[in-house]
Amino acid sequence: MEHEHRYRFISYSLFLASALLILFVLDRFFGFHYAPDEHRLNQKPKVESSVKSHGEAAAPAEKKETIPEEQPEFESTVADPEQEPQETSEVQPARNNDFFQTLKANYQTKVLSQLPPNKARTDIVIRYYQHAPDGNSAYALQKLGFYIHERPVDPELANYQSNAIYFGENVKLEDIQIVTFTLLGEGLPVKLIKPSRFGDSWKSNAIEIGTDTTLINQPTLTLSEIENLSI
């Protein structure tokens with residue numbers, strides 16, 4: 001009987017020692033330990049920062065849009081802030097002459113007369129970046145059956161008058177000429193007509209009207225230059 005009690009005591013001692021050894025090993029290698037709540041009161045919770053290093057704000061998630069929002073290349077340059085935004089060259093009056101009278105007559109016959117009443121053209125779009133000094137000049141194109149897709153401009157460009165036209169690869173020469181002729185007649189100093197560098201997708205069938213601030217002191221295109229324009 002005494003031998004049996006001694007055997008149980010030894011077994012219990014070995015079991016207890018084994019359990020303590022296991023707890024020691026777990027704490028040593030895996031850090032399993034208990035920390036009372038009062039020891040954690042001074043620990044501040046981690047907060048994920050929304051600001052990148054060097055003060056750069058984290059980029060917001062991209063917003064998908066169904067209408068293209070990118071600005072044309074001629075909107076990318078801003079002039080010296082000390083430079084006055086007003087145009088320095090006078091706009092040449094859009095005089096009636098045989099070429100443009102013939103151009104308008106052909107446009108009336110081949111294009112406007114084919115449109116349903118109160119319907120705009122669907123084969124071409126006018127992307128117009130609204131500038132306050134333009135007034136309603138660009139909207140004269142609506143009378144010629146053009147659909148005008150309006151877009152706002154960056155604030156630093158808002159006080160500059162429109163002076164540049166870019167066109168897509170599918171746009172006809174006659175459309176460019178009649179648009180330019182109309183804008184000149186409305187008082188806009190068109191100083192540049194150039195193919196768009198981004199001719200894919202919707203831009204292939206678009207004429208864009210905007211501002212290039214590097215052209216402010218350049219002369220306005222003449223009717224002769226528009227008549228002899230080649231694309």
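**Entry 1: Asn118**

I looked up Asn118 and found that it counts as exposed, because its relative accessibility is 83%. For this I used the cut-offs of under 20% relative accessible area for buried, over 50% for exposed, and partly exposed in between, with a 1.4 Å probe and protein chains only. Asn118 sits in the loop between α2 and β1 (125-129). Its phi is near 60°, a positive value in a residue other than glycine.

I note that this is a predicted model, in which local features need pLDDT of at least 70 and side-chain atom pairs count only at pLDDT 80 or more, while totals for chains, interfaces and linings use all residues. Residues are numbered from 1 along each chain as its sequence is written, and side-chain values use heavy atoms, with hydrogens and water left out.

**Entry 2: the chain**

I counted four helices and five strands in the protein chain. Helices (H or I, at least four residues) and strands (E, at least two) are DSSP runs, numbered from the N terminus. From that end, the order of elements is α-α-β-β-β-α-β-β-α. Of the 231 residues in the protein chain, 34% are buried.

**Entry 3: salt bridges**

How many salt bridges are there by this rule? I found three, taking a salt bridge as a side-chain nitrogen of Lys or Arg within 4 Å of a carboxyl oxygen of Asp or Glu.

Arg121 pairs with Asp123 at 2.9 Å, N to O. Arg121 is buried, because its relative accessible area is 7%, whereas Asp123 is partly exposed at 44%. Arg121 also forms a salt bridge with Asp175, where the closest N and O atoms are 2.8 Å apart. Asp175 lies in helix α3 and Arg121 in the loop between α2 and β1, so this pair ties together parts that are 54 residues apart in sequence. Asp175 and Arg121 are both buried. Through shared partners, salt bridges join Arg121, Asp123 and Asp175 into one network.

Glu208 and Lys203 form another salt bridge, at 3.0 Å from N to O. Both of these residues are buried.

**Entry 4: the largest pocket**

Rolling a probe the size of a water molecule over the atoms shows where empty space is left. On a 1 Å grid over the protein atoms alone, I took a pocket as an open set of points where a 1.4 Å probe fits, with protein on both sides within 12 Å along at least five of seven lines; lining residues have an atom within 4 Å of a point.

The largest pocket has a volume of about 220 Å³, a volume being the space filled by probe spheres set on the points. Elements giving two or more residues to its lining are α2 (98-110) and α3 (173-185). Helix α2 gives the largest share, four residues.

**Entry 5: a nonpolar patch**

Phe9, Ile10 and Leu14 make a nonpolar surface patch of about 340 Å². Patch residues have over 30% relative accessible area and no salt bridge, and nonpolar side chains (Val, Leu, Ile, Met, Phe, Trp, Tyr) are joined within 5 Å. Areas come from the Shrake-Rupley method with a 1.4 Å probe. Leu14 belongs to helix α1 (residues 2-30) and counts as exposed, at 55% relative accessibility.

**Entry 6: Lys194**

Lys194 lies in strand β4 (residues 192-195). It is partly exposed, with 38% relative accessible area. Lys194 and Tyr166 are 28 residues apart in sequence, and 5.0 Å apart from C-alpha to C-alpha.

Terms used
Patches are made of residues with over 30% relative accessible area and no salt bridge: like charges are joined within 9 Å, nonpolar side chains (Val, Leu, Ile, Met, Phe, Trp, Tyr) within 5 Å.
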